[in-house]
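Please consult the sequence and coordinates shown here while reading.

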Amino acid sequence: MKNKHWALILAMLTILIVVSGCKKKQPPPPPPPPPKAPTATLSAEPTSIQPGQSATLTWSTENADDVALDGNKVNTSGSETVSPKETTTYHLTAKGPAGSTDATAQVTVSQPPPPPTPTPTPAPQLTDEQMFAQAAQDVYFDFDSANLRPDAVQTVANIAQAMKSHPNWKVQIEGNCDDRGSTEYNLALGERRAGSARQQLIQDGVSQDALKTISYGKEKPVCTDQNEACWQKNRRDHFTLLK
Amino acid sequence: MNKNRIYFVLLFIPLVLFFTPAHAQDQIKTGTNIGAPLVMAVPDFKQANTEPANQPLISVFNDTLWYDLNNAGLFTLVAKSFYPSQVPGFPKEITLNTWSNPPISAAMLVFGNLGVAGGKVNVQGWLYDTKNTQYPQILGKQYQENATVENARHIAHEFANEIILKLGGIPGPTETKIYFISNRTGHKEVWSMDWDGANQQQVTHLGGIALSPRISPDNSRIAFSELASNSWQIRMYSLDLNRMVSFPRYGGGNYSPAWSSDGTKIAFSSSMGTGSSEIFIADATGAGPRRLTTGKTDVSPVFNPRTNAQIAFVSGRTGLPQIYMMDADGSNVQRMTDQGYAVSPAWSPNGLLLAFSWVRHYGPGIPGGADLYLMDIASRQIVQLTHDGGRNDFPSWSPDGRHIVFESTRSGTPQIWSVLADGTHLQQLTRVGRNTQPNWSYR
């Protein structure tokens with residue numbers, strides 16, 4: 001009987017041991033967190049000034065214990081008023097246990113706009129020739145025709161306008177032909193082409209005394225290729241301001 | 001094309017023969033049909049001596065004589081390859097039946113000799129009728145001039161003209177001149193040359209733009225149109241004085257002068273007064289210009305040289321240019337062509353034909369292939385003279401009415417060409433620069 005008693009005690013001890021051996025262990029204390037890298041921002045307001053004006057630099061840092069602005073130790077965050085004479089870039093250096101970083105901000109110093117000139121420069125004066133050249137574009141004709149096309153009528157109207165505001169102008173109208181026609185007939189055709197523009201100018205109010213016509217036939221081509229594009233360029237009235 | 005040529009021969013050859021003056025009938029009865037060319041043998045002239053200076057002269061002489069007779073419009077020359085190797089230089093060296101029998105079968109024989117002696121060139125030349133065994137000589141001529149190549153050429157032209165006159169009844173063109181415009185100096189100036197293109201010489205030295213040269217009927221003056229001081233004027237060059245002579249300046253643009261064949265009048269195109277080109281007539285001095293037309297684009301007048309009572313001209317009054325005709329007082333205007341682009345009328349010396357330049361179907365996009373045509377004025381029948389490409393313009397008749405000189409681009413650039421009035425014997429006369437608007441002298 002006594003044996004059973006021991007057996008019971010042994011069993012209980014065993015259970016006790018096993019149970020105590022299975023108890024969750026206590027975790028070890030965590031290691032201290034690593035130091036965080038420092039951050040830094042620097043800004044200027046305004047970023048652009050004129051000489052004599054000032055700008056405010058504002059900065060902030062994190063995880064830094066040694067902050068310097070252009071080498072001068074400053075608070076970890078703060079602001080400062082600067083008044084550079086010329087464009088300047090400011091450097092903020094932030095050092096902490098985990099390293100260092102920097103930030104920059106630039107203050108642009110712009111030259112002041114020139115003082116407004118007392119009398120504005122006048123627009124460059126166009127010579128008569130330039131004004132004439134702007135108005136007196138060549139007018140072009142259809143094949144074997146001396147009739148002014150609608151676009152030519154408009155061009156001639158522009159010339160008439162310019163001539164009426166310059167009553168001293170004398171204009172030579174030069175009729176030209178493409179080189180397919182016969183030499184002598186082309187002189188007569190060019191004469192007619194010049195005459196068409198002359199007639200229209202007179203209709204538009206230009207004095208006939210201000211107008212001279214001449215035919216160059218096919219003697220003065222601007223283009224000598226043998227194709228329609230070239231022939232068209234030569235079937236024209238050209239206008240010249242006579243001195 | 002061959003068909004056209006055949007029609008042409010049928011129509012044209014009888015016209016020339018029937019309407020040439022009475023004295024122009026063949027004077028030599030050879031047994032050949034009228035109108036058929038005489039078969040002619042022209043062996044090289046023989047050297048009369050052993051003078052080395054003969055060589056350049058005889059070479060030019062033989063070439064010139066051959067060209068003149070071959071292109072005269074009267075003869076068929078038998079090729080030299082058929083001739084005996086020993087050609088005759090003197091009458092005593094002639095065996096007539098050698099030349100009259102096959103294979104040569106020539107009706108006419110031209111032969112002679114050339115020799116340089118004492119700085120002079122001597123030429124003897126004969127024309128023989130090979131079928132007349134008793135009196136074969138038709139012509140015997142002798143020439144002496146200073147021994148130059150130019151003189152050898154000149155003697156050949158002179159002798160050829162004697163032959164043409166004898167067998168054709170009227171002088172040939174071999175001693176005539178052709179006036180034309182050339183830009184070979186960089187400016188358009190008036191030039192002259194012989195009928196075969198030799199002896200090209202600059203006439204004017206104006207440095208501007210000269211156009212439309214027209215020689216006076218007496219060969220003393222050239223009228224032309226010139227752009228100078230910003231104005232087109234009729235100008236006058238004296239061939240007697242070798243300088244410009246005065247002619248009135250008119251208003252407007254003045255173009256395309258034309259002489260009456262008696263030399264007393266000038267017709268031209270002018271925009272004086274009206275501002276558009278019209279046909280005017282004035283005295284040969286330029287006095288009293290009078291307007292004849294009201295067509296607005298009238299140009300290129302030419303007198304009927306037979307009567308001087310009519311003027312043909314070009315007008316664009318209805319659109320594309322056409323040939324018109326009117327009396328010399330401006331009345332009785334008739335349109336002669338009915339379509340296309342017709343310009344540059346040239347009246348034949350006998351007054352019966354108009355040569356002109358025509359693009360029958362003209363319009364934008366159609367290449368400008370102008371050809372020469374001949375119109376019989378009375379019947380208005382038209383035959384085509386040129387077929388061979390390029391733009392052909394400004395025909396002008398030789399004084400014998402057998403040749404036409406004209407401007408053509410068939411070689412790529414405008415050059416002067418000549419052709420027989422039956423469309424054969426086409427010859428290029430100029431090659432340097434651009435050469436235009438030929439005008440054949442009246443004699």
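## Sheet, interface and domains

In chain B, four strands form an open sheet with antiparallel pairing, in the order 18-19-20-21. Strand 18 (298-303) and strand 21 (334-335) of chain B are its edge strands, each pairing on one side only. Strands here are DSSP runs of E of at least two residues and helices are runs of H or I of at least four, both numbered from the N terminus; two strands pair if DSSP finds at least two bridges between them. The model is predicted: local features need pLDDT of at least 70 and side-chain atom pairs count only at pLDDT 80 or more, while totals for chains, interfaces and linings use all residues. Residues are numbered from 1 along each chain as its sequence is written, and chains are lettered from A and ligands numbered from 1 in the order in which they are written.

Strand 20 and strand 21 of chain B are joined in the antiparallel sense over two bridges. B:M325 has B:Q334 of strand 21 as its bridge partner. Strand 20 (residues 322-327) of chain B also holds B:I323. Is B:I323 buried or exposed? B:I323 is buried, because 25 other C-beta atoms lie within 10 Å; the cut-offs are 20 or more such atoms for buried, 12 or fewer for exposed and partly exposed in between, with C-beta atoms placed from the backbone. Beyond its neighbours within four places in sequence, B:I323 is in contact with residues including B:A312, B:V314, B:L354 and B:F356, where contact requires C-beta atoms, placed from the backbone, within 7 Å. By contrast, 37 Å separates the C-alpha atoms of B:I323 and B:K166, which are 157 residues apart along the chain.

Helix 4 of chain A lies across strand 18 and strand 19 (310-315) of chain B, running at about 140° to strand 18 of chain B. Axes are lines fitted to C-alpha atoms, for helices over the stretch in contact, and angles run from 0 to 180 degrees between N-to-C directions. The contact between the chains takes 17 residues from chain A and 30 residues from chain B. On the side of chain A, helix 4 (183-203) and strand 11 (211-217) each supply at least two residues, and helix 4 gives the most, with nine residues.

Chain A has five helices and 12 strands, and buried residues make up 29% of its 243 residues. Helix 2 (residues 128-135) and helix 3 (residues 150-164) of chain A pack at an angle of about 155°, with their axes 8 Å apart. These two helices are therefore roughly antiparallel, the term for angles over 145 degrees. Their contact is made by A:M131, A:F132 and A:A135 of helix 2 and A:N158, A:I159 and A:A162 of helix 3.

In chain B, the contact between the domains takes six residues from domain 1 and seven residues from domain 2. Helix 2 (residues 54-70) of chain B provides the largest share of the domain 1 side, three residues.

Conventions. Angles under 35 degrees count as roughly parallel, over 145 as roughly antiparallel, 65 to 115 as roughly perpendicular and the rest as oblique. Two residues are in contact if their C-beta atoms, placed from the backbone, lie within 7 Å.
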